[in-house]
Amino acid sequence: MSEQGDWVLIGLDENMARRQGIPARMPVPRGEFEGLADKGLSIDAARKWIKDFLTNSEPGKSGVWRKQNSTLVSQFEAFLDKTPVWERAQKAFGERDYEKAISALKRIVTMDPDDHAARLNLASAQANMGDHPAALKSFQAIRKTFQGDADYHVAVGQVHLAMQKKDAALDEMVLALEAKPDCQPALDAMVQLGVLVPIYENPRDAASLVYVRSDAVLDYLTGQWDAAPRDSAFYLEQLAYHERELRHDVALAAADRAVAGAGEGERVERAHLARIAALRSLGRIDEALAAAEALLKTAPSSSGAWVELAKCLSQAGRGEEVPAAIERALESDPGDLAALSLRFWPSDPADIQKVNAAIPALATFVAAHPDSAGARRSLARAELVAGRIDDALAGFAAAVALAPGDDDLRAEHWSELGKQQRYQEIIADAGKLSDLSKRDWKLRWNEAEAYAALGKNIEARAAFSAINFDESLHVDVRRRAKRAVKTMDETPPVVT
């Protein structure tokens with residue numbers, strides 16, 4: 001540091017100066033010097049002070065001082081000369097005109113080779129243009145300057161990813177996480193690479209999100225589960241969550257624990273069925289078949305167990321035994337949707353022609369079981385596929401009348417009403433329910449969407465907010481509700 005009258009010339013860390021594209025020595029007004037440590041040095045302040053110093057200070061106006069410090073003066077002048085070129089580059093970036101941005105940034109690099117901020121932006125622009133080899137070369141030229149900067153390593157890693165160099169990309173993401181363990185872009189990239197898996201230890205708690213090696217998820221969760229006593233309800237929630245995420249090994253482990261602690265009733269049957277399904281999904285067909293047969297010995301009237309047996313038999317190559325198992329399932333519960341699908345629906349449920357051909361037999365079955373809400377629901381679904389919208393909606397309404405307490409069924413009905421923009425019918429049906437806040441979240445979601453579609457933003461916002469603040473729900477559902485509220489707040493009201 002040296003003093004020049006009303007000015008102080010300070011020396012900056014050379015690496016930091018290159019990162020910001022500013023001279024390594026900087027004139028600072030004496031009155032600003034003491035507060036510099038707290039305020040930091042902005043680019044705008046640096047430009048203002050350098051211009052003022054060269055124009056108005058005694059050293060800046062002295063020919064002798066300028067001659068003695070010609071290199072420094074040249075750096076100051078080059079820094080000021082870059083300003084309009086930087087402005088052009090920033091404007092081009094804002095307009096996504098990366099070709100113009102590259103042209104301006106190359107000009108800056110020519111004017112000041114030590115401006116590594118310009119080189120960094122040049123690499124970014126080249127990457128955006130799809131010129132990944134050039135971007136990588138530009139990034140590598142400033143590696144020493146930005147080594148240890150998480151954002152830099154992520155940017156380089158993304159270029160490697162674009163070039164299909166996954167090992168090199170992984171190395172960069174590791175360096176980014178070493179520099180900043182919570183670097184979200186690096187974590188996301190590691191997920192994309194299949195190295196990490198995002199896991200909610202508690203699906204209802206956003207703060208429980210962790211990232212676990214993809215080949216060690218079960219080991220990690222086993223350690224977490226063993227750390228404290230857990231009841232069957234906990235493991236049932238875990239298996240439902242991991243089933244949805246297709247982590248069948250984890251679902252199997254959770255099901256085993258749920259079976260051990262569930263006792264009797266629906267809870268233990270749910271756990272057994274999930275265990276069989278997980279074994280099937282893992283290709284352990286013999287074990288799954290044995291488990292299904294064992295469950296049927298203790299629960300011969302379980303339609304779910306017969307369905308699982310049918311699926312196991314099919315995967316085991318014993319297709320001739322499947323129809324009998326399906327019939328037993330439907331005898332136990334004519335409304336079992338999975339059994340109905342296996343019995344009446346084609347293998348491709350989106351094949352309109354085949355679904356339409358299946359409707360008569362399904363309708364005959366429904367007529368033979370007029371009290372079965374599930375059978376009526378399956379027929380309504382088939383009518384939807386066939387494009388018979390009015391018949392389908394009438395069918396859903398009939399099914400709801402047969403099972404008014406089935407929230408999942410009613411939610412499907414409301415969802416289909418919403419697709420047909422029959423929002424008022426949703427609101428009217430919601431008004432018949434005594435306390436919607438205690439019903440399935442999907443009903444509340446459909447109600448909120450109906451209010452929003454009808455322009456009743458106050459009611460819609462209240463409904464979405466209630467879902468967002470319901471701590472009993474999965475965190476992803478609550479986040480969706482929060483985004484819905486935010487979208488409503490950002491969308492201007494429609495003037496009519």
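Student: Leaving aside neighbours within four places in sequence, which residues is V212 in contact with?

Tutor: Contact means heavy atoms within 4.5 Å. By that rule V212 is in contact with V195, L196, V197, I199, V217 and Y220. This is a predicted model, in which local features need pLDDT of at least 70, side-chain atom pairs count only at pLDDT 80 or more, and totals for chains, interfaces and linings use all residues. Residues are numbered from 1 along each chain as its sequence is written, and side-chain values use heavy atoms, with hydrogens and water left out.

Student: Where does V212 lie, and is V212 buried or exposed?

Tutor: Helices (H or I, at least four residues) and strands (E, at least two) are DSSP runs, numbered from the N terminus. V212 lies in strand β5, residues 209-213. Buried means under 20% relative accessible area, exposed over 50%, and partly exposed in between, with a 1.4 Å probe and protein chains only. V212 has 6% relative accessibility, so V212 counts as buried. The C-alpha atoms of V212 and F469 are separated by 27 Å, and these residues are 257 apart along the chain.

Student: What is in the largest nonpolar core?

Tutor: In soluble globular proteins, nonpolar side chains tend to be buried together. A nonpolar core is a set of buried Ala, Val, Leu, Ile, Met, Phe, Trp, Tyr and Cys residues joined through side-chain atoms within 4.5 Å. Here the largest one has 36 residues, and I276, L309, L340 and L362 have the most contacts inside it. The helices α19, α20 (285-298), α21, α22 (322-332), α23, α24 (352-368) and α25 (373-385) each supply at least two residues of this core. The largest share, seven residues, comes from α21. A second, separate core of 24 residues includes L433, L443, W445 and V477.

Student: Which residues does L340 touch, not counting those up to four places away in sequence?

Tutor: L340 touches L330, P334, G335, W345, L362, F365, G374, A375 and S378.

Student: What lines the largest pocket?

Tutor: Rolling a probe the size of a water molecule over the atoms shows where empty space is left. On a 1 Å grid over the protein atoms alone, a pocket is an open set of points where a 1.4 Å probe fits, with protein on both sides within 12 Å along at least five of seven lines; lining residues have an atom within 4 Å of a point. The largest pocket is lined by E269, L273, S303, G304, V307, G335, D336, L337 and A338. Its volume is about 410 Å³, a volume being the space filled by probe spheres set on the points, which are joined across faces, edges and corners.

Student: Which helix gives the most to that lining?

Tutor: α21 does, with three residues. At least two residues each come from α19 (266-281), α21 (303-315) and α23 (337-344).

Student: Which residues of helix α11 are buried, and what covers them?

Tutor: In α11, residues 132-141, the buried residues are A134, A135, L136, S138 and F139. Their cover includes α10 (116-128), α12 (143-146) and α13 (150-162).

Student: Where is Q164 found, and what is its phi?

Tutor: Q164 is found in the loop between α13 and α14 (166-179). Its phi is near 65°, a positive value in a residue other than glycine. Q164 is exposed, with a relative accessible area of 60%.

Student: How many disulfides does the structure hold?

Tutor: A disulfide is a pair of cysteine sulfur atoms within 2.5 Å. The structure holds zero.
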